[in-house]
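Colleague: Could you take me through this structure? I would like the overall picture and then a few individual residues.

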Amino acid sequence: MKTNAVQGIVMTGLMAALCFLGTFIIQVPIPFTNGYIHLGDSMVFLSGIILGKRRGALAAGLGSMLADFAGGWYIWIAPTFIIKAAMAFLLGWILEKGDSKKALAFFTSVYAVLWIASAW
């Protein structure tokens with residue numbers, strides 16, 4: 001195995017762990033939705049920035065999914081994986097494109113829709 005491949009695997013695992021910890025450790029409950037606010041989304045975005053669209057999506061999806069599993073939110077495991085992976089993938093894709101103003105406006109809109117959809 002090449003050093004770059006090992007480094008990529010390690011960084012993906014580290015970012016997945018940070019997504020898990022950010023989601024699982026500090027949770028502020030929201031009574032009317034039965035959900036919670038957490039710091040995991042910041043780690044999701046950071047994984048998209050640091051790792052790029054593919055590895056970032058994998059790390060974000062796995063870490064957030066594991067937090068739902070450990071927290072007992074079993075019904076949300078698959079949707080969480082898809083939503084968080086899509087968030088990191090879109091941010092990584094936007095950063096690769098280069099036209100930042102239009103891409104950032106698009107990403108913000110998509111994130112708002114996904115966030116509202118995940119709250120239901």
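This is a predicted model: local features need pLDDT of at least 70, side-chain atom pairs count only at pLDDT 80 or more; totals for chains, interfaces and linings use all residues.

Colleague: What percentage of the residues count as buried?
Modeller: Of the 120 residues, 33% are buried. Buried means under 20% relative accessible area, exposed means over 50%, and partly exposed lies in between (1.4 Å probe, protein chains only). The protein exposes about 7,500 Å², of which carbon and sulfur atoms supply 73%. Accessible areas come from the Shrake-Rupley method with a 1.4 Å probe, and for residues only the protein chains shown count as cover.

Colleague: Which residues make up the largest nonpolar core?
Modeller: The largest nonpolar core has 11 residues, namely Cys19, Val44, Phe45, Ala60, Ile83, Met87, Ala88, Leu90, Leu91, Ile94 and Phe107. Helix H2 (40-51) and helix H4 (77-97) each supply at least two residues of this core, and H4 gives the most, with six residues. A nonpolar core is a set of buried Ala, Val, Leu, Ile, Met, Phe, Trp, Tyr and Cys residues joined through side-chain atoms within 4.5 Å.

Colleague: What is Leu91 in contact with, beyond its neighbours within four places in sequence?
Modeller: Leu91 is in contact with Phe45, Ile49 and Phe107 when those neighbours are left aside. Contact means heavy atoms within 4.5 Å. Across the protein, 61% of contacts between residues at least 6 apart in sequence join residues at least 24 apart.

Colleague: Turning to Thr12, is that residue buried or exposed?
Modeller: Thr12 counts as buried, at 8% relative accessibility. Thr12 lies in helix H1 and touches Leu51, Arg55, Leu58 and Ala59, not counting residues up to four places away in sequence. Thr12 and Gly56 are 44 residues apart in sequence, with a C-alpha to C-alpha distance of 7.0 Å.

Colleague: You mentioned Arg55. Where does Arg55 lie?
Modeller: Arg55 is part of helix H3 (residues 53-71). Its relative accessible area is 36%, so Arg55 is partly exposed. With residues up to four places away in sequence not counted, Arg55 touches Gly8, Ile9 and Thr12. Arg55 and Gly92 are 37 residues apart in sequence and 9.3 Å apart in space, C-alpha to C-alpha.

Colleague: What about Thr23: buried or exposed?
Modeller: Thr23 is buried, with a relative accessible area of 2%. Thr23 belongs to helix H1 (residues 3-24). Not counting residues up to four places away in sequence, Thr23 touches Tyr36, His38, Gly40, Ser64 and Ala67.

Colleague: Now the strands. Which strand holds Ile37?
Modeller: Ile37 is found in strand S2 (residues 35-38) and is partly exposed, with a relative accessible area of 48%. Leaving aside neighbours within four places in sequence, Ile37 is in contact with Ile26, Gln27, Val28 and Ile30. The C-alpha atoms of Ile37 and Thr23 are separated by 8.3 Å, and these residues are 14 residues apart along the chain.

Colleague: And where is the place of Pro29?
Modeller: Pro29 is in strand S1 (residues 27-30). Pro29 is exposed, with a relative accessible area of 62%. Leaving aside its neighbours within four places in sequence, Pro29 is in contact with Gly35 and Tyr36.

Note on methods:
Residues are numbered from 1 along each chain as its sequence is written. Side-chain values use heavy atoms; hydrogens and water are left out. Helices (H or I, at least four residues) and strands (E, at least two) are DSSP runs, numbered from the N terminus.
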